[in-house]
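Good morning, colleagues. Please take a moment to look at the sequence and the structure, and I shall then begin with a single residue before turning to the whole.

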Amino acid sequence: MPVVEVAAAVIRRDGKYLICRRRPGDSGAGLWEFPGGKVEPGESLPACAVREIREELGCGIVAGAELESVAVRYGDRELRVHFLAATLVDGEPRPIECDELAWAAPEEFGRYAFLGANGAITARLARDTGPGG
């Protein structure tokens with residue numbers, strides 16, 4: 001089974017993280033995720049995150065270190081999702097290729113139904129920024 005590499009941007013601002021709700025008609029419609037997309041052949045993970053955020057949200061980021069990587073199976077394909085720390089550097093995100101955006105603090109993540117691949121990173125962010133974190 002081929003593995004599809006995905007880069008997702010974990011964009012933090014003022015203690016909150018940018019999350020996106022998938023559009024109706026998309027797989028996982030209505031569920032929330034950190035924004036990103038599939039890595040193109042020959043593309044680095046940070047370059048992919050920068051490109052995807054520009055295309056999907058109309059803003060610029062700098063993508064840095066990998067925070068988490070998870071492998072998940074969706075139907076007949078396996079995705080390896082790489083969550084990269086990212087900083088917003090240009091423009092304000094808008095929902096070009098998603099249904100809705102939200103800035104959520106880690107303690108608010110429980111209010112959102114996330115795609116399964118996002119479970120480890122949401123748990124880590126909640127743990128790392130929780131009391132004493």
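This is a predicted model: local features need pLDDT of at least 70, side-chain atom pairs count only at pLDDT 80 or more; totals for chains, interfaces and linings use all residues.

Ala-29 is partly exposed, because its relative accessible area is 39%, which falls between the 20% limit for buried and the 50% limit for exposed. Ala-29 sits in the loop that runs between strand 2 (16-21) and strand 3 (32-33). Apart from neighbours within four places in sequence, Ala-29 is in contact with Arg-22, Arg-23 and Pro-24. Between the C-alpha atoms of Ala-29 and Val-72 there are 17 Å, and the two residues are 43 apart along the chain.

Let us now consider the protein as a whole. It contains two helices and seven strands, arranged along the sequence as β-β-β-β-α-β-β-β-α. The radius of gyration is 14 Å, close to the 14 Å that the globule rule gives for 133 residues, so the protein is as compact as a globular protein of that length. Of these 133 residues, 39% count as buried. Among contacts between residues at least 6 apart in sequence, 66% join residues at least 24 apart.

I close with the largest pocket. Which residues lie nearest its centre? They are Val-6, Arg-22, Glu-33, Gly-36 and Gly-37, out of 29 lining residues. The space in this pocket is about 640 Å³. Strand 6 (77-90) gives the largest share of the lining, four residues. By class, the lining comprises 14 nonpolar, five polar and ten charged residues. Thank you for your attention.

Conventions: Residues are numbered from 1 along each chain as its sequence is written. Side-chain values use heavy atoms; hydrogens and water are left out. Buried means under 20% relative accessible area, exposed over 50%, partly exposed in between (1.4 Å probe, protein chains only). Contact means heavy atoms within 4.5 Å. On a 1 Å grid over the protein atoms alone, a cavity is a set of points where a 1.4 Å probe fits but cannot get out, and a pocket is an open set with protein on both sides within 12 Å along at least five of seven lines; lining residues have an atom within 4 Å of a point. Grid points are joined across faces, edges and corners, and a volume is the space filled by probe spheres set on the points. Ala, Val, Leu, Ile, Met, Phe, Trp, Tyr, Cys and Pro count as nonpolar, Asp, Glu, Lys and Arg as charged, and the others, Gly among them, as polar. The radius of gyration is taken over C-alpha atoms; the globule rule is 2.2 Å times the number of residues to the power 0.38.
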